[in-house]
Amino acid sequence: MLRLKVLGARILGGSATRRFQPLCMPFSSSHWYSKVAKASSNDELSEVRGLSSSLDHYALTQPEFLRRQTNKIYVKHTVYKGEGALTMKPKLPDYITLNMGGVTVAKEGCMFLEFAPAVGPRQYDWSKKKIIALSVVEVGTLLSLGPDESCEFTHDPFMGKSEAGKIMKVLKVGNLQDTGGYFFNLSVTDRIADVDESFSIPITKGEFSVMQSIFNFILPYLMGWHAYMDSTKLNESGHFKSGGPSIAKRPDLEWGR
């Protein structure tokens with residue numbers, strides 16, 4: 001114990017004092033309020049527009065306690081394979097302030113799955129990536145997927161519009177025999193750009209377990225439940241105030257898939 005005290009004194013004192021930066025910064029759940037994923041390509045933008053088509057006429061604003069977060073944190077998880085790479089990125093909900101006071105979720109978040117082709121050993125062309133956005137229910141479907149089960153999601157980003165059917169995305173997830181893993185197959189048909197592509201990424205049992213752990217953790221954040229809990233704490237402490245323009249009522253805020 002004495003040697004440790006002397007050593008600590010030598011490190012912290014004297015002309016040879018060094019300043020050590022922490023290896024990691026303390027994590028605050030409020031950092032999740034910032035948008036983690038942004039649309040960065042036309043393909044992703046079309047997917048987002050398809051999800052939020054029913055809210056196009058409303059200005060989505062974030063409450064004050066969310067806007068205070070100036071430091072944005074971006075997270076992702078990528079699985080690299082010889083055939084290609086698969087990246088997961090979450091997008092948090094959009095919020096709107098009510099004139100009666102308080103904040104509500106205008107549109108739930110989603111989980112982006114990005115597929116990129118391999119162009120060489122450990123080399124991937126992300127400029128040719130294709131993206132599909134999974135809703136909360138679809139994420140839940142993957143969470144509950146059994147070892148001998150499969151599922152399929154079909155997305156039309158322009159559903160309900162004149163361009164409906166011009167872009168179709170189909171994600172198939174099925175088990176790999178005798179390995180305990182799964183394959184993720186995404187096919188994209190784009191009649192506008194005359195594109196017909198498909199990606200197939202094998203996922204091991206361990207990799208799928210990691211993905212399910214991420215899904216399980218992020219689900220409450222995609223629905224805005226974290227903001228509700230933290231705003232309740234702020235209300236109790238008297239530091240949270242809300243208010244703003246009123247919003248028109250919409251009979252249907254479904255994502256229109």
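## Ile167 and its surroundings

Leaving aside residues up to four places away in sequence, Ile167 touches His155, Asp156, Pro157, Phe158, Thr189, Asp190 and Ile192. The model is a predicted one. Ile167 lies in strand 9, which covers residues 167-175.

Ile167 has a relative accessible area of 6% and is therefore buried, the cut-off being under 20%. Its C-alpha atom is separated by 9.2 Å from that of Ala193, a residue 26 positions apart from Ile167 along the chain.

## Val105 and its surroundings

Val105 belongs to strand 4, residues 103-107. With residues up to four places away in sequence not counted, Val105 touches Pro93, Asp94, Tyr95, Met223 and Gly224.

Val105 and Tyr228 are 123 residues apart along the chain, and their C-alpha atoms are separated by 9.5 Å.

## Helix 5

Helix 5 runs over residues 205-222. It has 18 residues and spans 25 Å from its first C-alpha to its last, close to the 26 Å expected at 1.5 Å a residue. At Asn216 helix 5 bends by about 25°, and the proline Pro220 follows within four residues.

The buried residues of helix 5 include Phe208, Met211, Gln212, Phe215, Ile218, Leu219, Tyr221 and Leu222. An α-helix has 3.6 residues a turn, so residues three or four places apart point the same way. Phe208, Gln212, Phe215, Leu219 and Leu222 are among the buried residues, and these five also take part in the contact with helix 4.

## Packing of helix 4 against helix 5

Two packed helices are described by the angle between their axes and the distance between the axes. For helix 4 (residues 136-143) and helix 5, the angle is about 145° and the axes are 9 Å apart. The crossing of these two helices is left-handed.

On the helix 4 side, the contact is made by Val136, Val139, Leu142 and Leu143. They meet Phe208, Gln212, Phe215, Asn216, Leu219 and Leu222 of helix 5. Of the residues in this contact, eight are nonpolar, two are polar and none is charged. Asn216, where helix 5 bends, is one of the residues that meet helix 4.

Most residues other than glycine have a negative phi. Arg122 is not a glycine, yet has a positive phi of about 60°. It sits in the loop between strand 5 (110-120) and strand 6 (123-124). Its relative accessibility is 82%, so Arg122 counts as exposed, for which the cut-off is over 50%.

Asp194, likewise not a glycine, has a positive phi of about 55°. The loop that holds Asp194 lies between strand 10 (182-190) and strand 11 (195-203). Asp194 counts as exposed because its relative accessibility is 71%.

## The protein as a whole

The protein contains six helices and eleven strands. Of its 257 residues, 39% are buried. Among contacts with a separation of 6 or more, 60% are between residues 24 or more positions apart.

Note on methods
Residues are numbered from 1 along each chain as its sequence is written. This is a predicted model: local features need pLDDT of at least 70, side-chain atom pairs count only at pLDDT 80 or more; totals for chains, interfaces and linings use all residues. Side-chain values use heavy atoms; hydrogens and water are left out. Axes are lines fitted to C-alpha atoms, for helices over the stretch in contact, and angles run from 0 to 180 degrees between N-to-C directions. A crossing is left-handed if the near helix is turned anticlockwise from the far one by less than a right angle, and right-handed if clockwise. Contact means heavy atoms within 4.5 Å. Ala, Val, Leu, Ile, Met, Phe, Trp, Tyr, Cys and Pro count as nonpolar, Asp, Glu, Lys and Arg as charged, and the others, Gly among them, as polar. The expected span of a helix is 1.5 Å times one less than its number of residues. The bend at a residue is the angle between axes fitted to the seven residues ending there and the seven starting there. Buried means under 20% relative accessible area, exposed over 50%, partly exposed in between (1.4 Å probe, protein chains only).
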